[in-house]
Amino acid sequence: FGYGLSYTTFEIKEEGYYDFVVKYVAWEEGGAKRSFSINDVDYIFDLPKTDDYGTVPEVWRAAVTNSNIHLTPGTYTLVMSPVQGQWNYDWFGFVKK
């Protein structure tokens, strides 16, 4: 594992095009930028700055990345890595278009 990398697996039950969704906080000026890869394809997304680092539920935000990823049924490995800024995330998922 590399510095700051996060690895997890997830399952897709239905073929289709999906967007990556994440609930996060990003407290530094300029927000945060992250990348994630699935099957060795990289995607980069920007997260706007939040009011703080998650001390109260009201500052957490959900972001949809409009990544339009074609996935077929199966188990995938997601690798998320830092590009710029500090953040925390609560959950992530994929929303079928």
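**Close-up views of salt bridges and strands**

**View 1. Lys 96 and Glu 14 join two parts of the chain.** With a relative accessibility of 36%, Lys 96 is partly exposed. (Buried is under 20% relative accessible area, exposed is over 50%, and partly exposed lies in between, with a 1.4 Å probe and protein chains only.) The model is predicted: local features need pLDDT of at least 70, side-chain atom pairs count only at pLDDT 80 or more, and totals for chains, interfaces and linings use all residues. Residues are numbered from 1 along each chain as its sequence is written, and side-chain values use heavy atoms, with hydrogens and water left out. Glu 14 is also partly exposed, at 47%. A salt bridge here is a side-chain nitrogen of Lys or Arg within 4 Å of a carboxyl oxygen of Asp or Glu. The count by this rule is five salt bridges. One of them links Lys 96 to Glu 14, with the closest N and O atoms 2.4 Å apart. Lys 96 belongs to strand S8 (residues 88–96), while Glu 14 sits in the loop between strand S1 (6–12) and strand S2 (16–25), so this pair ties together parts that are 82 residues apart in sequence. (Strands are DSSP runs of E with at least two residues, numbered from the N terminus.)

**View 2. Asp 90 meets Lys 23.** Asp 90 is partly exposed, at 47% relative accessible area. Lys 23 is partly exposed too, at 26%. The two form a salt bridge, and their closest N and O atoms are 3.7 Å apart. Asp 90 is in strand S8 and Lys 23 is in strand S2, so the contact ties together parts that are 67 residues apart in sequence.

**View 3. Strand S2 has several partner strands.** Eight of the ten residues of S2 are buried, so this strand is largely enclosed by the rest of the structure. Strands count as paired if DSSP finds at least two bridges between them. S2 runs antiparallel to S8, joined by eight bridges. Val 25 stands opposite Asn 88 in S8. Four bridges join S2 to strand S5 (residues 61–64), again antiparallel. Here Tyr 24 faces Arg 61. Strand S6 (residues 69–71) is joined to S2 by three bridges and is antiparallel to it. Tyr 18 stands opposite Ile 69 in S6.

**View 4. Lys 33 and Asp 46 link strands S3 and S4.** Their salt bridge has its closest N and O atoms 3.6 Å apart. Lys 33 lies in strand S3 (residues 32–38) and Asp 46 in strand S4 (residues 41–47), so the pair ties together parts that are 13 residues apart in sequence. Asp 46 counts as exposed, at 53%. S3 and S4 pair in the antiparallel sense over seven bridges.

**View 5. An open sheet of four strands runs in the order S1-S7-S3-S4.** Pairing in this sheet is antiparallel. S1 and S4 are at the edges with a single partner strand each, so one side of each is left without a neighbour in the sheet. Neighbouring strands are turned by 30° against each other on average, direction ignored. (Axes are lines fitted to C-alpha atoms, and angles run from 0 to 180 degrees between N-to-C directions.) Seven bridges join S1 to S7. Glu 11 has Thr 75 in S7 as its bridge partner. S3 pairs with strand S7 (residues 74–84) over six bridges. Six of the seven residues of S3 are buried, so S3 is largely enclosed by the rest of the structure.

**View 6. Arg 34 is buried without a salt bridge.** This residue is found in strand S3. Its bridge partner in S4 is Phe 45. Which side chain of opposite charge is nearest to Arg 34? It is Glu 28, 7.4 Å away. (Lys and Arg count as positive, Asp and Glu as negative; His and the chain ends are not counted.) The side chain of Arg 34 instead reaches the backbone oxygen of Gln 84 at 2.9 Å. Arg 34 also touches other residues, among them Tyr 43, Ile 44, Pro 82 and Trp 87, not counting residues up to four places away in sequence. (Contact means heavy atoms within 4.5 Å.)

Definitions and conventions: A polar contact is a pair of N or O atoms within 3.5 Å; within protein, one must be able to donate a hydrogen and the other to accept it, and residues adjacent in sequence count only if both atoms are side-chain atoms.
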